[in-house]
Amino acid sequence: MPSTAKGSRAGWCSKCQYVKTKKWRAEHPEQHRALKASYRARVKIECFAHYGGHCQCCGEAEIAFLALDHVNNDGGGRDRGHNGGTRLYAQLRRAGWPTGYQVLCFNCNFAKSQVGGCPHQR
Ligand SMILES: [Zn+2]
Ligand SMILES: [Zn+2]
């Protein structure tokens, strides 16, 4: 029976990931413990840690409340509801964390998308 390397995780640099998430882990040890079981949660944590770690509007740091937001949501071609999620996080990681995104909590993100600006900023 020919053996394949299917089970190996080539290309995964756990060291880089560790450095990036280390700070967030130190600040949120319990959230980290609760979430690290899941790969999806890990990508999410890494993503949020990279883009600020808390809501850039109100400072909310509970990851359950956080979402990734396009900084320049300039209309045209914006497919609301399909942004965010693990696929986006994984894409951003693969792309080397491009600029143009920020972390917002759901309240601020929702207000921004519904009324064009969070009441916190008024
Ligand atoms: Zn907020
Ligand atoms: Zn806000």
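Read along the sequence, the chain follows the pattern α-α-α-β-α-β-α. Five helices and two strands are present. These elements are DSSP runs numbered from the N terminus: helices are H or I, at least four residues, and strands are E, at least two. The model is predicted; local features need pLDDT of at least 70, side-chain atom pairs count only at pLDDT 80 or more, and totals for chains, interfaces and linings use all residues. Residues are numbered from 1 along each chain as its sequence is written, while chains are lettered from A and ligands numbered from 1 in the order in which they are written.

Of the 122 residues in the chain, 19% are buried. A residue is buried if 20 or more other C-beta atoms lie within 10 Å of its own, exposed if 12 or fewer, and partly exposed in between, with C-beta atoms placed from the backbone.

The largest nonpolar core has 17 residues. Such a core is a set of buried Ala, Val, Leu, Ile, Met, Phe, Trp, Tyr and Cys residues joined through C-beta atoms within 7 Å. Helix α3 (39-50) and strand β2 (101-105) are the elements that give two or more residues to this core. Cys55 is among the residues with the most contacts inside the core. Beyond four places in sequence, Cys55 touches Glu60, Leu66, Val103, Leu104, Cys105 and Cys108. Contact means that two C-beta atoms, placed from the backbone, lie within 7 Å. Among contacts between residues at least 6 apart in sequence, 71% join residues at least 24 apart.

Arg87 lies in helix α4 (residues 85-94). Arg87 is exposed, because 12 other C-beta atoms lie within 10 Å. Arg87 and Arg40 are 47 residues apart in sequence, yet their C-alpha atoms are 9.0 Å apart in space.
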